[in-house]
Amino acid sequence: MSSAASTNESSLVVSLVGGSHVVNHMYFMLLPPIFGALKADLGVSDPQAGAALGLVGVVVTALQLPLGYVADAYSRTAVLGLSLSMGALGAALTATATSYPWLLVAAAVTGLGIAGHHPAHYPLLAAATDPSTRGRAYSVHGFTGVLGFAAPPAIVGGASALGFDWRVAIGAIAAVGGIYGVVCLMTFRRAVSTDVTHPDPDQRPEDGLDVAAVPSRAARWFQSVLSSPAFVLLGILWFLTSVAAWGIKAYTAPLLSGTYGVADGTANLVVAAMLTTGALLIFLGGWLSDRVSAGAVLLVGYVALIGVAGLLAWGALPTVAALGVVLVLSATVDGSRPARAKLADALSAEGDVGKNFGLLTIGISGGGAVAPPAFGVVLGWTSIETVFGIIAGVGVLAVAMTLVVVSVGEQSLDGSTQPAK
């Protein structure tokens, strides 16, 4: 922990970053709850809706390393400010969209906003917390992120129940996010030391923000990544997990509406409850990872994903049973999040954590870029049940990849008990 970061300052930073995680993940989840409304109001097809959500993921993926470079070389809060302001603008553009091209512009701006939150959040948390409490800080960060994913379906469903349309719901998210952004950045400016908000001058790259130096720095980073096969495989596992998670987030409500006859508003509320359940089980997953093993927790989660997604893909469950099964669907992925972080920690050398997190984040956002448009095309060609059959298949691949990662990295994992960074 920075010498300037007191316990109170550390708690404040964890709270502010947690709130930012809620807001940014709300932006990431703007489109799935309104897929049906977009088709009705803008004439958007399923593949087009998936492509718009995929565009968000593409922008996020492309900007991870550049924005991480800015945060490391200049200012963490500058990147945070860009993230919060552009995210709110993207949400406002989404709420006012009148055509598909407009929606794509909104998606790109939203992606620009979302892209900055991880490059800013993790350095801020690392600078403000002691290693002995950092694992708990990251647990809070993960929990607030899942809550952010759960909020838009609840807001859209609640607005529908009160007689308001989707534009009011998305506009409310934009307003809340914009207000939070102002409060968050003002608090950082007034109450948090520069030791936390800016990198230590001695640790900044010698070339600062020299654009000409970026290619050589990127080449060195890729070389270090490729020297760790187990970590490359772990990055692929995070990508597969992200594909499954985005399939669940984006297409559970359409599954409930189309296959099980649940009203759209109710389906979105059930999705919100599902994501909240997953958020709560993050803490159970962390407890089990510390007391059993990260590999075992991952395997149980992915096997559960195969079973639950397979049952829903079957399409013949009674509606009440389908609702009950859906409630635990997100938990199969979210509950094992601390285990994935613990594997990453065990496979990372002390000086490689930042680079390795960049790789894993690219895997996460890459899944967000690929899954929605791919599943949208599948839905356009076949059925929603096929989408969930594919999600179950991704679970099979994740089980196999977990076994390989644990096997390849077994020597590193033995005796590793430090908290996830």
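What share of the 421 residues in the protein do buried residues make up? Buried residues account for 53% of the 421 residues, where buried denotes under 20% relative accessible area, exposed over 50% and partly exposed in between, with a 1.4 Å probe and protein chains only.

The model is predicted, so that local features need pLDDT of at least 70 and side-chain atom pairs count only at pLDDT 80 or more, whereas totals for chains, interfaces and linings use all residues. Residues are numbered from 1 along each chain as its sequence is written, and side-chain values use heavy atoms, with hydrogens and water left out.

## Overall architecture

The secondary structure of the protein comprises 19 helices and 0 strands. These elements are DSSP runs numbered from the N terminus, with helices (H or I) of at least four residues and strands (E) of at least two. Among contacts between residues at least 6 apart in sequence, 85% join residues at least 24 apart; contact means heavy atoms within 4.5 Å.

## Helices H5 and H6

The axes of helix H5 (residues 100-115) and helix H6 (residues 117-128) come within 5 Å and cross at roughly 15°. H5 is therefore roughly parallel to H6. Angles under 35 degrees count as roughly parallel, over 145 as roughly antiparallel, 65 to 115 as roughly perpendicular and the rest as oblique. The axes are lines fitted to C-alpha atoms, for helices over the stretch in contact, and the angles run from 0 to 180 degrees between N-to-C directions.

On the H5 side, Gly 113, Ile 114 and Ala 115 meet His 117, His 118 and Pro 119 of H6. The residues of this contact divide into 3 nonpolar, 3 polar and no charged. In this scheme Ala, Val, Leu, Ile, Met, Phe, Trp, Tyr, Cys and Pro are nonpolar, Asp, Glu, Lys and Arg are charged, and the others, Gly among them, are polar.

A pair of aromatic rings is described by the distance of the centres and the angle of the planes. Rings of Phe, Tyr and Trp (its six-membered ring) pair if their centres lie within 6.5 Å; planes under 30 degrees apart count as stacked, over 60 as edge-to-face and the rest as tilted. By this rule the count comes to 5 aromatic pairs. Among them, Phe 28 and Trp 246 form a tilted pair, with 4.8 Å centre to centre and 50° between the planes. This pair links distant parts of the chain, 218 residues apart, with Phe 28 in helix H1 (residues 7-28) and Trp 246 in helix H11 (residues 229-258).

Phe 28 counts as buried because its relative accessibility is 9%, and Trp 246 counts as buried at 4%. The rings of Phe 149 and Trp 246 have centres 5.6 Å apart and planes at 85°, so this pair is edge-to-face. Phe 149 lies in helix H7 (residues 131-161) and Trp 246 in helix H11, so the pair ties together parts 97 residues apart in sequence. Phe 149 is buried, as is Trp 246. Phe 28, Phe 149 and Trp 246 form one aromatic cluster.

Lys 249 lies over the face of Phe 149, at 4.4 Å from the ring centre, and over the face of Trp 246, at 5.6 Å from the ring centre. A charge sits over a ring if NZ of Lys or CZ of Arg is within 6 Å of the ring centre and within 35 degrees of the ring normal.

## Individual residues

| Residue pair | Separation in sequence | C-alpha to C-alpha |
|---|---|---|
| Ala 322 and Leu 311 | 11 residues | 8.4 Å |
| Ser 330 and Ala 279 | 51 residues | 8.6 Å |
| Asp 41 and Ser 99 | 58 residues | 9.0 Å |

Ala 322 is placed in helix H14 (residues 319-327) and counts as buried at 0% relative accessibility. Leaving aside neighbours within four places in sequence, Ala 322 is in contact with Tyr 260, Leu 312 and Leu 317.

Ser 330 is found in the loop between H14 and helix H15 (331-334). Its relative accessibility is 4%, so Ser 330 counts as buried.

Asp 41, in helix H2 (residues 35-42), counts as partly exposed at 47% relative accessibility.
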